[in-house]
Amino acid sequence: MSGLEDLYREIILDHYRSPRNRGEIEVPPALRVEGFNPLCGDEVVVFLLVEDSIVRDIRIGGQGCSISQSSASMMSAAVKGRSVDEARQLISSFKAMMSIHEQSIGGDGTESGPEPPGATIPPEGLGELAALQGVVKFPVRIKCATLSWNTLAQGLDELSSQSASSAS
Amino acid sequence: MAATGAPERTGLGLETGRALDAAALRRDFPLLERRRSDGRRITYLDSAASSQHPRQVLEAMDHYYETTHANVHRGVYAIAEEATRRYEAARVRIGTFVGARAPSREIVFTKNATEALNLVAQSYGRRLLPEGKAVLLTEMEHHANLVPWLMLSQERGTPLRYLPLDERYHLDLSRLDELVDGAGIVAVSAMSNVLGTVNDLRPVIEAAHDAGALVVVDGSQLVPHRVVDVTALGADFLAFTGHKMLGPTGIGVLWAREELLEEMPAWLGGGEMIRDVRLDGFTPNDIPWKFEAGTPPIAEAIGLGAAVEYLQAVGMESIAAHERALTRRALEVLDDRHGADVTVYGPPADDPNRGGVISIGYRGIHPHDLAQVLDAEGVCVRAGHHCAKPLMRRLGVPATARASLYLYNDDDDVLALSDALAKAGELFG
């Protein structure tokens with residue numbers, strides 16, 4: 001029942017208290033995407049400015065628990081200035097970090113298991129994002145941690161379908 | 001803590017007003033005897049979501065499964081008759097507990113209170129509520145007493161109106177006469193599952209009946225904690241659920257006046273609810289079985305009957321008095337120790353129309369984080385919107401942390417909550 005220190009790492013609390021890239025970007029040129037967790041009411045708004053397949057700027061709005069808000073803040077810091085491909089790689093690697101552990105919960109405790117597709121970066125390569133790994137010990141909170149990442153993925157999908165339709 | 005003065009009527013007229021010994025009662029609840037890995041006890045403060053079970057309830061269900069399980073109202077053999085007898089005896093006990101005039105005919109077993117409320121909306125609402133008549137609800141309703149009416153409104157265009165909340169967290173009845181005019185149904189909670197407010201139903205019922213409207217009472221939060229007498233109250237429908245009153249999950253109750261149940265069409269179709277079935281139609285069964293399609297939750301009904309027996313043995317007056325005193329104590333401890341760090345969303349400690357549901361905010365810490373830290377201290381509270389999103393919007397918060405009290409809680413639980421809040425404060429600074 002304990003193990004709170006695994007959940008509330010200092011770096012997570014730091015991002016919660018001093019969130020990075022908080023704010024808005026004018027739409028257009030930016031894209032605004034909303035993510036919502038109907039079960040707990042957590043809400044993340046991602047403003048995404050992509051030019052030449054580079055995430056030039058990203059801003060975060062919304063409200064929610066420390067895990068959802070710090071994960072959004074850490075995500076914004078991790079993808080800003082990266083290429084869209086790199087951002088997608090981070091998304092799948094982050095979600096893999098969550099789901100690998102999700103499989104092991106309630107099982108025999110081993111962390112082996114099939115590597116989910118797209119997990120090209122192991123947790124130790126994710127920098128400070130790896131601090132969120134402890135969340136998987138608290139299954140109810142996993143969706144808090146992944147909310148902003150799913151929202152970013154939705155934004156990138158919208159952008160790529162926009163550019164696909166404008167190219168055709 | 002014993003109640004004084006003339007005792008109110010309890011279900012079976014058992015002795016009332018005895019002081020309640022929560023520590024002794026807790027020994028009846030196996031789950032509350034469980035120790036955490038560090039040897040500390042569990043502080044269970046989430047009975048408004050679901051209460052724990054005394055051995056007497058678990059044993060009644062075990063005994064049924066071990067000795068008399070058979071389908072009810074079907075077999076002619078002895079154990080089937082015994083199962084039917086026990087199932088129907090539970091119905092009568094539960095009906096008597098809430099003051100039904102004809103307990104054997106006026107109690108319909110459902111899956112939960114939600115299904116009971118859907119039954120009223122789907123049967124009475126769809127077929128008997130006159131076209132154009134409104135349904136009057138309140139801003140503090142649980143989704144279970146909102147969504148069935150929203151569905152009815154979507155289907156039939158039924159106008160919905162809402163009694164607002166005042167600044168004291170009570171219903172604002174100043175426009176009651178105006179709002180009830182043209183309503184065919186008034187559906188209102190007896191006690192808020194978020195605020196702890198116990199609603200004064202008498203003026204609402206009087207105004208509704210004067211306007212020709214029927215009154216549906218959501219008793220999910222009040223029936224487990226206070227004496228509720230439908231006959232004295234003059235309500236038309238009462239919905240409540242087993243698992244918030246020491247009973248098992250999977251069993252709920254709709255009480256309705258006999259003549260209303262007679263008039264209402266069947267809702268769910270299947271076995272048990274029919275008298276005759278032909279290839280071109282069917283004849284429904286008598287009440288209450290007309291509303292109990294398929295094999296019912298037999299063990300659960302028997303378990304709920306045993307739960308009611310337990311509550312009656314303790315005495316509903318004693319339970320109410322215990323909870324009043326403990327609620328007052330909890331609010332005082334929170335205020336003394338935490339002062340302005342705690343925001344209570346509900347009536348103050350000295351408000352007599354207040355139950356043991358305490359919704360709080362603490363130092364701006366998100367309720368999910370708060371509940372997580374409290375859990376690490378062995379304190380179980382609910383964090384979230386409590387299935388009352390319109391009320392959350394009215395309060396201007398996305399969620400609250402909610403502690404709720406019952407007969408087995410005591411001073412140690414209150415102090416454990418207060419200590420755990422301080423820990424959360426340290427962590428989130």
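Me: How many residues of domain 1 of chain B are in contact with domain 2 of chain B?

Reply: Two residues are in contact if their C-beta atoms, placed from the backbone, lie within 7 Å. Here, 28 residues of domain 1 of chain B are in contact with 31 residues of domain 2 of chain B. The model is predicted: local features need pLDDT of at least 70 and side-chain atom pairs count only at pLDDT 80 or more, whereas totals for chains, interfaces and linings use all residues. Residues are numbered from 1 along each chain as its sequence is written, while chains are lettered from A and ligands numbered from 1 in the order in which they are written.

Me: Where do the domains of chain B run, and which elements supply the side of domain 1 that touches domain 2?

Reply: Domain bounds come from an automatic or database domain assignment. For chain B that assignment gives domain 1 (22-53 + 315-428) and domain 2 (57-312), and their centres, taken over C-alpha atoms, are separated by 28 Å. Elements are DSSP runs numbered from the N terminus: helices (H or I, at least four residues) and strands (E, at least two). Helix H13 (316-338), strand E12 (357-362), helix H15 (389-395) and strand E15 (400-404) of chain B each supply at least two residues of the side of domain 1 that touches domain 2. H13(B) gives the most to that side, with five residues.

Me: Which residues of the largest nonpolar core touch the most other members?

Reply: A nonpolar core is a set of buried Ala, Val, Leu, Ile, Met, Phe, Trp, Tyr and Cys residues joined through C-beta atoms within 7 Å. A residue is buried if 20 or more other C-beta atoms lie within 10 Å of its own, exposed if 12 or fewer, and partly exposed in between, with C-beta atoms placed from the backbone. The largest core has 133 residues, of which B:Val186, B:Phe237, B:Leu254, B:Trp255 and B:Ile302 touch the most other members. Helix H12 (residues 298-314) of chain B gives the most to this core, with ten residues. Domain 1 and domain 2 of chain B each contribute at least three residues to this core. Apart from this core lies another, of 39 residues, among them A:Ala78 and A:Leu156.

Me: How do helix H3 of chain B and H12(B) cross?

Reply: A crossing angle is taken between axes, which are lines fitted to C-alpha atoms, for helices over the stretch in contact; angles run from 0 to 180 degrees between N-to-C directions. The axes of H3 (residues 55-67) of chain B and H12(B) come within 8 Å and cross at roughly 145°. Among the residues making this contact are B:Ala60, B:Met61 and B:Tyr64 of H3(B) and B:Ile302 of H12(B). Leaving aside its neighbours within four places in sequence, B:Ile302 is in contact with residues including B:Arg86, B:Tyr87 and B:Ala90.

Me: Is B:Gly252 buried or exposed?

Reply: B:Gly252 counts as buried because 28 other C-beta atoms lie within 10 Å. B:Gly252 has its place in strand E8 (residues 252-256) of chain B. Its C-alpha atom is separated by 5.9 Å from that of B:Phe240, twelve residues apart along the chain.

Me: How many residues does the contact take from chain B and from chain A?

Reply: The contact takes 14 residues from chain B and eleven from chain A. Helix H14 (residues 367-376) of chain B gives the most to the side of chain B that touches chain A, with six residues. Chain A has five helices and three strands, and 36% of its 168 residues count as buried.
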